[in-house]
Amino acid sequence: STQETDENLEKVQASKAEDFVEWIPNNIKSSVIDVPPVDAHISATFVTNTTALKAMFQRLASQFSALYKRKAFLHWYKGEGMDEMEFQEADKNVVDLITEYQDKQDATVDGDEDEDM
């Protein structure tokens, strides 16, 4: 049930409070779907936000840059009414996101060094 799920998440969050960052007060979200997949009795999905995702965004940015540099597939999107500036803005947004993840990762590392002293 949803209530049982929420209670268990609260227990985990209370018992592992030192593992969670304080600047994200509601860092666990849950959703319960009562209909399992056809081939299983039960199913679960866990979605997380961690600085490890930075590598995935870096790979995405480098692949996008390679395609955009060659203008690959650009004609399809322009034909649908997109402007080339939208691609440049999207690229900039991903680079900004990577920078934010790096900043959080550096803050975590710096914080760990302070605790060791």
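Buried means under 20% relative accessible area, exposed means over 50%, and partly exposed lies in between (1.4 Å probe, protein chains only). By that rule Lys71 is partly exposed, because its relative accessible area is 40%. The views below show a predicted model, in which local features need pLDDT of at least 70, side-chain atom pairs count only at pLDDT 80 or more, and totals for chains, interfaces and linings use all residues. Residues are numbered from 1 along each chain as its sequence is written, and side-chain values use heavy atoms, with hydrogens and water left out.

**View 1. Salt bridges around Glu84.** A salt bridge is a side-chain nitrogen of Lys or Arg within 4 Å of a carboxyl oxygen of Asp or Glu. Three are counted by this rule. Glu84 and Lys71 meet through their side chains at 2.5 Å, N to O. This pair links distant parts of the chain, with Glu84 in helix H4 and Lys71 in the loop between H2 and H3, 13 residues apart. Helices (H or I, at least four residues) and strands (E, at least two) are DSSP runs, numbered from the N terminus. Glu84 also forms a salt bridge with Lys78, the closest N and O atoms being 3.3 Å apart. Lys78 counts as partly exposed because its relative accessibility is 43%.

**View 2. The salt bridge of Asp96 and Lys92.** The closest N and O atoms of this pair are 3.0 Å apart. Asp96 and Lys92 are four residues apart in helix H4, so about one helical turn separates them. Asp96 is partly exposed, at 32% relative accessible area.

View 3. Most residues other than glycine have a negative phi. Lys71 has a positive phi of about 60 degrees, and phi of Phe73 is near 65 degrees. The charged end of Lys71 sits over the ring of Tyr68, 4.7 Å from its centre; the rule asks for NZ of Lys or CZ of Arg within 6 Å of the ring centre and within 35 degrees of the ring normal.

**View 4. Aromatic pairs.** Rings of Phe, Tyr and Trp (its six-membered ring) pair if their centres lie within 6.5 Å; planes under 30 degrees apart count as stacked, over 60 as edge-to-face and the rest as tilted. The structure holds five such pairs. Phe64 and Phe87 are stacked, at 6.4 Å centre to centre and 15 degrees between the planes. Phe64 lies in helix H2 and Phe87 in helix H4 (residues 84-116), so the pair ties together parts 23 residues apart in sequence. Phe87 is buried, with a relative accessible area of 10%. Tyr77 and Phe87 are edge-to-face, at 5.6 Å and 75 degrees. Ring pairs link Phe64, Tyr68, Tyr77 and Phe87 into a cluster.

**View 5. The largest nonpolar core.** Five residues make it up: Phe57, Ala61, Val94, Ile98 and Tyr101. A nonpolar core is a set of buried Ala, Val, Leu, Ile, Met, Phe, Trp, Tyr and Cys residues joined through side-chain atoms within 4.5 Å. H2 and H4 are the elements that give two or more residues to this core, and H4 supplies the largest share, three residues.
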